[in-house]
Amino acid sequence: MHKIAVIPGDGTGPEVVNEGLKVLQAASRKFAFKYETRVFDFSGQRYLNTGNLVSDSDVEELKKYNAIYLGAVGDPNVKPGIIETGVLLKLRFALEQYINLRPVKLYNSNFCPLKDKKPEDIDFVVVRENSEGLYKGMGEFKDKGTKDEVAIQISYNTRKGVERCIRYAFEYTRKRNKKKKLTLCGKTNVLTYAWDLWERTFNEMAREYPDIATDYTHVDATTMWFVKNPEWFDVIVTDNMFGDIITDLGAMIQGGMGIAAGGNINPQGVSMFEPIGGSAPKYTGKNVINPLAAICACGMMLENLGEEKAGKAIEDAVIKLVRTKLKSLAAGKMGYSTTEVGDLVVENL
Ligand code: IPM
Ligand code: MN
């Protein structure tokens with residue numbers, strides 16, 4: 001029995017989560033696994049109503065589950081930063097989900113903004129460190145509000161944190177068994193403390209993986225290669241901030257936020273799966289948002305729960321739909337509504 005905590009969240013989160021749960025139910029019948037869900041109401045809306053974010057006891061409760069399925073959090077009426085740190089980052093940090101795994105895979109070249117790129121050219125995975133770096137929230141103001149003000153924001157990198165992330169990336173590259181190439185994406189030429197540690201750790205660990213080819217690119221150049229030669233990549237490992245930035249670009253070259261899914265992974269604990277896009281307030285309640293990112297996140301979750309066949313079948317059902325029926329992956333332009341897209345995935349299963 002898989003115990004799944006569901007956090008629909010804000011905006012279009014609940015709509016896309018509903019479609020994911022529809023597909024989950026269909027998959028459980030077809031692949032004969034059992035699951036139960038419980039909905040947790042963490043959201044910007046709840047914060048506005050009650051002032052509550054995610055508490056330590058909420059975190060303890062979530063630890064009783066095998067996985068978390070998240071829609072999106074963020075409410076335009078809440079000051080930026082509160083929900084992000086109080087819900088999303090709180091969950092990632094408190095549950096020690098130290099990997100953010102973001103596959104970038106093009107399913108249909110018609111939906112790629114790059115000229116002449118085919119599905120076989122865009123198929124890589126970003127392993128983003130998910131617990132440290134600039135996201136640690138360390139820093140201070142000096143003389144705030146004066147003309148001599150200084151704002152300091154620290155990138156915090158521990159040897160253990162860097163090591164476990166790079167270790168995960170090497171193991172993942174081996175298991176993935178495609179090009180068997182791991183690229184470190186950093187900024188060794190300017191950020192000479194953090195990236196010295198990352199590069200040393202990476203090079204030392206590479207010796208333990210003679211079967212994996214290694215490579216290094218600066219983050220700025222990485223964005224260039226994503227557009228020019230995405231076919232060069234297999235697995236990329238990078239820090240929290242760079243990973244955040246390059247995976248939005250990654251989402252665009254795979255067809256947009258409508259299809260981009262990710263997992264916040266604690267290899268020894270509870271992982272959380274989400275579409276990487278936001279709560280899309282302007283599309284809320286219109287039945288137009290693309291649920292495929294959430295459905296793909298559900299597939300990743302099942303794989304993580306040991307239901308590999310079901311996870312693969314969901315991806316195949318999505319691929320078939322994206323190649324044969326959808327007019328676009330963008331909200332309101334798919335040729336089908338949100339709920340119809342969910343139904344079509346179920347049909348293809
Ligand atoms: C993401 C988001 C989050 C991040 C925000 C909402 C805190 O952009 O999941 O990529 O920066 O990690
Ligand atoms: Mn982001």
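## Strand pairing

In β5, V127 is the bridge partner of L101, and the two strands concerned, β4 (residues 99–105) and β5 (residues 123–129), run antiparallel and are joined by 7 bridges; strands count as paired if DSSP finds at least two bridges between them, while helices (H or I, at least four residues) and strands (E, at least two) are DSSP runs numbered from the N terminus.

This is a predicted model, in which local features need pLDDT of at least 70 and side-chain atom pairs count only at pLDDT 80 or more, whereas totals for chains, interfaces and linings use all residues. Residues are numbered from 1 along each chain as its sequence is written, chains are lettered from A and ligands numbered from 1 in the order in which they are written, and side-chain values use heavy atoms, leaving out hydrogens and water.

## The open sheet

The order β2-β1-β3-β12-β11-β4-β5-β10-β8-β9 describes an open sheet of 10 strands with mixed pairing. Its edge strands, each pairing on one side only, are β2 (35–39) and β9 (213–218).

## Aromatic and charged contacts

Among the 12 aromatic pairs of the structure, F33 and Y35 form a tilted one, with 6.3 Å centre to centre and 50 degrees between the planes; rings of Phe, Tyr and Trp (its six-membered ring) pair if their centres lie within 6.5 Å, and planes under 30 degrees apart count as stacked, over 60 as edge-to-face and the rest as tilted.

One aromatic cluster is formed by F40, F42 and Y65, and the charged end of K3 sits over the ring of Y65, 5.0 Å from its centre (NZ of Lys or CZ of Arg within 6 Å of the ring centre and within 35 degrees of the ring normal).
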